[in-house]
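Student: I have a new model on my screen, and I would like to learn how to read it. Could you walk me through it?

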Amino acid sequence: MIPSDHFTRFYNEVFKFLEDQGEEHLEAYWLEISKNQEKHTLELFKEKGLKGMYEYWDHIRIEENCDMDLKLDDEKLELRMNVCPSLSKVLDNDAEPMKRYCDHCAGWIGPIIDKVDHHLVYDVIDRNKPQCVVKIFKDKEKAIEEEKNAKLLMGWPNNKK
Amino acid sequence: MKPILLENLYLKVNKNNLDQKLRYNDGGNVHMDFHGATNTTIEFIINKYGIDTMNDIFKKVGNHVYKDIKDHIKKGNIKMLAKHWQHFFDRENADYNISINDEEIILTVNRCTAYEHVRKLVGNVSPNFCDQTIKTNEALAEDTPYEIKTEILGEAACRQTIRKRT
């Protein structure tokens, strides 16, 4: 068994292989993971919207030991990751980290948010630091406006930035 | 002749008799759903690239991610692997035991919670799900004086044995 605690280091090895095959291979994998994650998220997000997203990431915050602040208001959900355990483990690793490890997160989250007709603004800030800011808006125009403030804006398959 | 009972030849491992410092010593909560993502990944890679590619990735996990355990095995310290087993099977609340003697260490997993969690999540577990254990173990032992044999005993059950090569 590769322990669930070490999944991200396994993930990192998969990403490095797929990146060597080409960008479309990496994106096909993110979409597969996204489909897998729909089991945990899609109905909840469809049914409860931003509140359902808050519930999901609040559960993840606890279960994945994230140092993360969540803020919900009528217009948006804001997720401020202060210390990301996923990238932290990949950096604390005897195997070499994939340089674009952070990209997978928008890669699986983005397609789900598109499906529930909300709008994701994913600012990774710096790929070498385990921190990011994610904002999910009800209103598309507000999301487009917010994108201007991002330091390193992430796109995802079928929604390149 | 009086039969020798197997349990007399082995010491059962508990928290107090494996004093090893792990390279990855995770604590906190456990996110079992990652096993579902592992299952998805195994299916995706095998369907798209074939089983050899999947096995190569597991080999990299064994050789690079677990370099520290491998280095210990090379030097003859196989207790580090036993400590790894103990730490993470405890964290995942598996039903298992570890027996140790001078020649070998045997991990017997009676109920693998990773396997069971995936079965609960997706119904059908990949027939290659346990390759993550078999192939990573093979890589850990490669180029060391030891071999690691992984026997699948049934669904969610296996025996893993590390012993000196003959």
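**Reading helix 2 of chain A**

Tutor: The buried residues of helix 2 of chain A are covered by elements including helix 1, helix 3 and helix 5 (103-115) of chain A, together with helix 2 (34-49) of chain B. Helices are DSSP runs (H or I, at least four residues), numbered from the N terminus. This is a predicted model, where local features need pLDDT of at least 70 and side-chain atom pairs count only at pLDDT 80 or more, while totals for chains, interfaces and linings use all residues. Residues are numbered from 1 along each chain as its sequence is written, and chains are lettered from A in the order in which they are written.

Student: Which residues in helix 2 of chain A are buried?

Tutor: A residue is buried if 20 or more other C-beta atoms, placed from the backbone, lie within 10 Å of its own. Here, A:Leu26, A:Tyr29, A:Trp30, A:Ile33, A:Ser34, A:Asn36, A:Thr41 and A:Phe45 are buried.

Student: Where is the kink in helix 2 of chain A centred?

Tutor: A bend is the angle between axes fitted to the seven residues ending at a residue and the seven starting there. In this helix, a kink of about 60 degrees is centred on A:Glu38. Just after the helix, A:Gly49 has a positive phi of about 60 degrees.

Student: How many residues of chain A are in contact with chain B?

Tutor: Contact means C-beta atoms, placed from the backbone, within 7 Å. By that rule, 25 residues of chain A are in contact with 34 residues of chain B. Helix 1 (7-21), helix 2 (23-48) and helix 3 (50-63) of chain A each give two or more residues to that side of chain A.

How values were computed. Contact = placed C-beta atoms within 7 Å. Buried ≥ 20, exposed ≤ 12 C-beta atoms within 10 Å, placed from the backbone.
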